[in-house]
Amino acid sequence: MGSNGNHCSFVLLAEFHIFEGAQLKYQFPQPLGVDEGVLAMSMLPDGAEMQQDDWTVFFLNQTPFNTISPVLALETPETKAVPLPGEQDESPRDKPDLLCVLNLVRTKHDKTLDRGAKVLALAICTRHPFIQVFKPFLLMALDDYFSDPSQDCLARLFDAVNAMDLSGAPLLTRQEKIVMRSSERKDIFSEKFTAREQNWNASNPRAGTKSVLQHKSTNSGESSSSFEGELFSRQRQEENRFRERELPTPDNMDINTALGASTQLGANPDSPSDNSFSLGGSAVWVGEESGLDFTAGKDAGDSLSVFSLGNSNTMVASSRKRRSTDASSLSSLTQAKDMTRAAGPPIPPYFDHPWAGLAKDTHFYNTTVAYKDHQIPIKMPLFTFPEEVGDYSLITLFKEFSSHQNVSGPQHPHLHTNGLQTHPIIILFNALVTGKRIIFLGHRRPAGEVSSFVLSACALGSGCGTVLRGFIERAFPYANLNNRDEWESVPAYIAGVTNPIFESSRAWDLLLVIGAGTVTVAKDIHITYPVTATANLGASLQSRSGTHKAESLVMTSEDGDIPRASSNQGNRPDFSKSDNNADKVFIEDIRSAIDDHFGESIVRMRFTEYVTRFVRLASRYEEEVTGSTKIGQPSSSFSEQPGRRAQLGSGIAFSDEATSVKELAANAQRIEAWRKTNSYHHFVADFAKFQANSAIKGLDVMHQLIRLRHGRALSDAEATLIMRTFADNVKTYEQVIELLAFLIPHGGGLIPLGFGLFHQKESVREATIDLFNQFRGFPVGVLFLQSLNHFQRYAYVRQAHAREKRILSEQQQLLQQQHNGQPLPPPRVHSNSIIGGLNGQPY
């Protein structure tokens with residue numbers, strides 16, 4: 001994604017002519033090959049003259065009637081389209097890429113003109129889903145065109161957008177995007193910014209080029225003060241002086257020197273290394289504070305003040321010798337260098353200077369683009385998926401359609417999973433995944449508002465772009481009468497309209513009226529989608545051994561994922577007694593989050609969890625009906641038999657067979673309908689690709705985490721096997737990221753794993769320490785470790801330090817035996833030891 005990446009493929013300008021109607025006046029740099037009338041009417045929505053400014057969104061290359069050729073206006077080998085960073089390129093090679101069109105409509109009143117106004121629309125076509133970043137360009141370019149109405153304005157806009165340099169933006173994988181979007185820390189993956197900046201500076205030694213990544217930031221999102229900057233500069237000088245001192249190793253020192261170094265590292269009860277433990281990028285103090293004033297020999301200078309930078313905002317001065325168990329302490333910048341460089345895991349080079357070259361918020365890549373005499377700031381989101389287009393809001397969607405009393409029309413099992421009490425948002429989700437025709441009607445509402453509801457619905461159905469796909473390709477955020485026959489012919493379309501004539505057309509299955517908040521189901525929906533009988537799940541359901549806490553629980557607690565039980569009662573339940581229904585509990589959870597003023601990110605995470613659970617439930621249903629599943633892990637419970645190796649469970653779990661039958665029967669109709677849609681077939685391909693490329697092989701990670709969170713009567717054997725399996729299979733960066741993608745902070749983060757530190761079995765505690773030590777090898781793992789509560793952090797530090805001290809004692813004995821000429825047993829050093837050596841090699 002660089003400066004020559006063709007961020008803008010085309011620029012269009014349309015004008016409303018009093019006698020000829022909507023006219024497409026310019027297409028730059030060349031015609032698209034699409035019906036100009038269709039483009040002009042899409043750019044000039046009904047009632048545009050009633051709005052001073054309006055925004056619309058539509059897509060190209062969806063159907064034959066709006067497919068253009070070529071996709072790129074100027075396609076050369078250097079500018080050939082490539083997938084966006086972290087995106088999955090699932091489309092066939094002969095299918096053109098979807099183009100998003102962002103359109104600005106402006107009405108300029110002028111009494112000297114016919115009808116007293118001039119209506120113009122300017123649009124850009126781009127592959128990027130984050131179209132909102134281009135709004136400043138369109139605003140300035142349209143002002144430019146009103147003052148100088150010529151094609152030169154379009155050329156300047158085209159060149160300015162394509163000059164946008166995104167080469168410094170970090171390239172994130174799918175799992176990294178999930179971790180980033182779930183974290184509220186403004187320094188998440190900051191090391192990637194630093195590394196990219198260093199590489200960029202090395203390859204672009206051009207004078208006068210200023211990067212926005214040079215701005216310092218703190219975790220609070222505020223710029224560092226001059227005092228802090230001076231402090232950081234002083235710390236770096238101290239670290240550089242200490243770094244020049246080479247620690248002796250067994251190869252270049254005698255036994256007395258070796259024992260002396262070992263004693264200095266761990267034997268002195270008053271030394272800082274004996275009373276502290278570095279979390280790679282942060283220190284947690286335990287024990288006595290006599291050594292808090294850390295000095296690295298007389299060359300290290302005076303002791304440094306330390307400031308808390310993570311979850312705590314407390315300022316901790318080292319000279320005050322105060323006890324702190326805050327894992328987010330900035331003392332790591334002194335200790336992590338002194339201690340871990342001497343006896344810790346290898347810290348990547350980009351972790352040396354965590355403030356160098358950071359943006360204020362690493363969720364975005366900041367750059368500037370020159371347009372005429374102006375420098376336009378751009379904030380490109382780094383966590384966007386293709387199914388998320390523009391600025392959408394699930395909170396606004398939920399508030400608009402918030403009462404089941406506003407639902408009218410016949411009940412259908414594909415839509416009404418809770419009968420008459422099914423919430424409108426659940427009806428909308430069911431309509432999206434079962435492939436119904438959906439219209440959002442906003443009479444006398446801005447077309448931009450209508451478009452936003454359509455894009456929000458697409459994000460809702462896809463699980464905010466992270467679970468399902470296939471919704472954007474059939475979405476028409478703004479549709480009109482001019483091309484009605486074409487978009488109505490698209491199966492399962494999702495359209496936004498402003499003309500009330502569509503309400504009476506009856507070419508839809510679900511109509512949602514913006515403003516009134518009403519939801520109407522088509523009268524003939526049973527004729528269009530006849531209900532078919534589903535399999536007798538009660539007879540086919542296999543009894544699962546073991547006792548599980550139902551995964552049908554809905555997480556409602558902000559801190560600890562405290563569940564509320566749920567149990568569906570079949571297709572026609574007694575709703576007066578079904579207050580614990582899973583969908584109802586989920587809706588109450590969303591309503592509570594909104595009422596308590598939680599942000600959009602929390603709501604999106606909850607919807608992502610809901611769609612994920614729907615897919616896992618569908619996998620279990622498919623397995624019960626057909627005997628196997630293409631969209632999930634086979635369902636099994638933990639098994640332990642004498643003489644055989646214990647096996648971990650997988651798939652969705654229920655508390656008992658009766659709960660499983662009720663849950664699957666209640667969702668059977670919408671699951672069967674979903675299995676006939678393109679969305680299902682897309683997911684089959686996506687799941688197969690995920691299985692092939694997964695860094696953690698042969699393990700249902702989500703099942704194990706749910707067992708740790710909600711497992712009832714979790715046996716010691718199962719807990720041991722889960723934690724040991726994690727510790728043995730999560731070692732590389734890719735494996736760590738994949739595991740952390742399931743441990744979102746809103747769901748408790750590492751807390752379910754942290755409980756292993758208090759387990760009665762030493763093997764569980766040891767496996768937990770091994771896993772956390774492996775997290776310490778990566779900056780993102782350090783951030784997650786810092787999010788542990790104080791009890792778990794203290795337990796981790798205490799146990800890890802005790803184990804490392806034991807290992808150090810064994811090493812001292814080995815050195816003494818070597819000095820005495822006795823044969824040495826194999827060394828016992830953990831691969832991520834903080835004392836034993838680097839990369840598991842003893843000193």
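Why is strand S1 (residues 10-17) largely enclosed by the rest of the structure? Because 6 of the 8 residues of S1 are buried. Buried means under 20% relative accessible area, exposed over 50%, and partly exposed in between, with a 1.4 Å probe and protein chains only. Helices (H or I, at least four residues) and strands (E, at least two) are DSSP runs, numbered from the N terminus.

A word on sources. This is a predicted model, where local features need pLDDT of at least 70, side-chain atom pairs count only at pLDDT 80 or more, and totals for chains, interfaces and linings use all residues. Residues are numbered from 1 along each chain as its sequence is written, and side-chain values use heavy atoms, leaving out hydrogens and water.

Back to S1. Two strands pair if DSSP finds at least two bridges between them. S1 runs antiparallel to strand S5 (residues 117-126), joined by 6 bridges. There, Val11 sits opposite Ile124. With strand S2 (residues 21-28), S1 has 7 bridges, again antiparallel. Ala14 faces Leu24 of S2.

Now helix H11, residues 424-433. All 10 of its 10 residues are buried, so H11 is largely enclosed by the rest of the structure. Among them are Pro424, Phe429, Asn430 and Val433. After H11 comes Gly435, with a positive phi near 75°.

Finally, the whole chain. The chain holds 26 helices and 21 strands. Of its 843 residues, 57% are buried. Take contacts (heavy atoms within 4.5 Å). Among those between residues at least 6 apart in sequence, 71% join residues at least 24 apart.
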